[in-house]
Amino acid sequence: MREYIRMVAVLTAIAAVCGLLLAAVKKGTEKRIEEQILVNVQGPALNNVLASSTNDIIQDREEITVDQEIKIVFLGKKNGQIWAIAFEMTAMGYKGKIGVMVGFDLEKDRLTGIGILTHQETPGLGARVSEPIFTNNFKDRVISEIFKVKKDNGTIDAVSGATISSRAVCSAVEQSIVLYSAIKDQVVKKK
Amino acid sequence: MKKTIAHEFLKGFWEILPPFRLVLGLCPVLAVTTAVENGIGMGLSTTFVLFFSNVIISSIKKIIPKKVRIASYIIIIATFVVIVELVMKAYFFSISKQLGLFINLIVVNCIILGRAEAFASKNPIYLSAADGLGIGLGFTLSLILISTIREILGKGTFLGMQVMWNSYEPFAFMVSAPGAFVCLGLILALINLFPKK
Amino acid sequence: MKLIVSSPPHWNNKDSITKIHSHLIIALLPVLIYAVYTYGLHAARIISLSVVTTIASEYFIRKLFGKESTITNGSAVVIGLLFAMLLPPSVPYWLVIMGAFLCIFIGKEIFGGLGSNPLSPVLVGWAITRISWPAYYNLDLASVNYDLGYSFRYPLTLLKKGGTEFISEFKLLDFLLGKQVGGIGTVAVLLLLIGGIYLLLRGVIAWEIPVSFMVGILVVSSVFWLLNNNQYANPLFHLFTGNLMLGIFFLSTDYASSPFNRWGMIVFGFGCGFLTIIFRVWSVYPDGVFFAILIMNLFTPLLDKLKKRSKPVEFIHIESRAE
């Protein structure tokens, strides 16, 4: 009996010490990891989508509440004026969620472009939605257009052999247009 | 034979050089050695985990009950692996993205559990530290060796820099999975040509 | 459970090994002549480079390993010839040398030389170079610069792209006469068939593998063809295109890497045929003959277990004839 108690006690103690240690490390690195992810995952797409901005886009981010959900919105500024915003939107692709960064020009109500952040699509097929040849489809388009693949009577050239992934990106863009219309005033007011 | 720090440290570089002499921990050896950068990252992470798990396990070896020792070792190893993972994500994001899941898989790297069970649980702290460091660095050197061969032949680069002539056509087989096996096999055969001592 | 990999049959009679290889060379000769006739010096360059490389690598590797030289048994020559035949006419010289060296080194000598290789040595060299430098194996473009008098499009790529509609221009008789593009020594279907029959008559290869291989191709492709004859080609098209005929008679019948008892051979051959069609229909590669053979090579130790149920095939009649 004593042996069992000892086993339980020692294991519990080890697990507790390890747990505490991990919690401390987690706490210590949390902020930096978040920043690293912003810089390395969102950063390249943002620099592309909000290309002519002069500010540090990742620093100038705001949390905006829509329908009790917090959405991180990145602001692109020129000469101190906000000219465009960008945010992430996800949609279900062929194998998992596709994260799409969508940028909007506030003055012209146009898409500035899109960038694919994360995906788990098939290499060589669905994964090709992240290539410029597909994402350029969305560059400088008026938001009132229909963003659907040509198979669904839209205007977007789907990546050949990857209709599902292309559709997912289109649906993310359409969703973000809805969101954009909802939050545009909030952003403009803050300006 | 008398055990000295120098001997315990040095044996990891030749006598029981992992993975060539021990033939343990082959999963990272085959999977991440497509680029030298990954090889170094993986090797040093493993060394860190190996060193600290050896030290900790050796220092509490007397209070761990025999029947739950493996569970205790795994908890300790897993803790250090998660620490490595978090620190890497925070400070070496690009490597951590390259290595991905393989950092977490250090937990099940047989070398680490093997050293804990075979060495750290029976020897004093200072010897276990020397053992962990030596084996870890030996492992790192082996990974660098394999990844150098594979990266130079398979991509024509070393640490991302072009080293082969301009018209060199990369021998892509070397950076594919079968190439890893062939490369490992050839090095194993070569090392076995030389005696252990 | 204990798994023992049984060793393939070894021949101790050096004379008969040399005889086997000289028969193989005789069987290949018409095909090689046709290759040189079609592609001229380009084919001659590939063939000679490949053979010289295999002979030199075998000589030096065996010297390095401290083993007696086996150059005179002709195995290196046959491997060199077969490897050259798989290549399109436009490959650069270094690829030929590299591939031929890998055939001998990784394919054969590493495992202990002739008779111990688990995979067909020729196909090991082919697979490694095929994966590494796919651009040079693009059979669709390889023959663009030659004035051949027939389509320079690779039939199997066309089939993959557009179904049977795209291949309606091809005639089976042309395939049979070698009027198609492909590896320099894989296109002359009729000559390969004659070479194969010669080997069968001489007792160098047994009938089981080639016949069951063909049956596998015909049966499986018929199934697809009957399901949808717009998308899938007819069985004879499959039989006469790509690398198939060379694979059937010369590569799948490699002694050490194929089973040596009757039922093992039949299963082996049928498996090759089955996998070939599966590769042609569903994989990204237009032709999967060699991958199919390599995969079946891996089953050889298992298929050799069938020996308790069936007798080993005695297909070496050469020794008695040699007296």
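## Reading a three-chain model: a tutorial

Reply: Let's start with one contact in this predicted model: B:Glu8 and B:Lys11 form a salt bridge, and their closest N and O atoms are 2.4 Å apart.

Me: What makes that pair a salt bridge?

Reply: The general idea is a side-chain nitrogen of Lys or Arg within 4 Å of a carboxyl oxygen of Asp or Glu. With 2.4 Å between the closest N and O atoms, B:Glu8 and B:Lys11 qualify. Over all chains, the count comes to 11 salt bridges.

Me: Are B:Glu8 and B:Lys11 buried or exposed?

Reply: You read that from relative accessible area, and under 20% means buried. B:Glu8 counts as buried because its value is 3%. B:Lys11 has 8%, so this residue is buried too.

Me: Which residues are linked with B:Glu8 and B:Lys11 in a network of salt bridges?

Reply: B:Arg115 and B:Asp131 are the other members of that network. Those two form a salt bridge with each other, the closest N and O atoms being 2.9 Å apart. This pair links distant parts of the chain: B:Asp131 is in helix α8 (residues 125–155) of chain B and B:Arg115 in helix α7, 16 residues apart. Both B:Asp131 and B:Arg115 are buried.

Me: Which residue forms a salt bridge with B:Glu117?

Reply: That's B:Arg69, with the closest N and O atoms 2.9 Å apart. Here again distant parts of the chain are linked, since B:Glu117 sits in helix α7 (residues 110–120) and B:Arg69 in helix α4 of chain B, 48 residues apart. B:Glu117 is partly exposed at 27%, and B:Arg69 is partly exposed at 23%.

Me: Let's move on to nonpolar residues. How do I read a core?

Reply: In soluble globular proteins, nonpolar side chains tend to be buried together. In this structure, the largest nonpolar core has 147 residues, and C:Leu82, C:Met245, C:Phe250 and C:Leu251 touch the most other members. Helix α4 (residues 69–91) of chain B gives the largest share of this core, 10 residues. There's also a second, separate core of 36 residues, with A:Leu111 and A:Val159 among its members.

Me: Which residues is C:Leu82 in contact with, leaving aside neighbours within four places in sequence?

Reply: They are C:Leu28, C:Val122, C:Leu246, C:Phe250 and C:Leu251.

Me: How many disulfides does the structure hold?

Reply: You'd look for two cysteine sulfur atoms within 2.5 Å. The structure holds zero disulfides over all chains. Take B:Cys110: the nearest cysteine sulfur, that of B:Cys27, is 9.1 Å away. B:Cys110 counts as partly exposed, at 40% relative accessibility.

Me: Last one: which chains have the most contacts between them?

Reply: Look for heavy atoms within 4.5 Å of each other. Two pairs of chains touch, and the most contacts are between chains A and B. Chain A and chain C do not touch, and their nearest C-alpha atoms are 11 Å apart.

How values were computed: Residues numbered from 1 in each chain as written. Chains lettered and ligands numbered in written order. Predicted model: local features only at pLDDT ≥ 70, side-chain atom pairs only at ≥ 80, totals over all residues. Heavy atoms only, no water. Core = buried A, V, L, I, M, F, W, Y, C linked by side-chain atoms within 4.5 Å. Buried < 20%, exposed > 50% of the residue type's maximum accessible area, 1.4 Å probe, protein only. Helix = DSSP H or I, 4+ residues; strand = E, 2+ residues; numbered from the N terminus.
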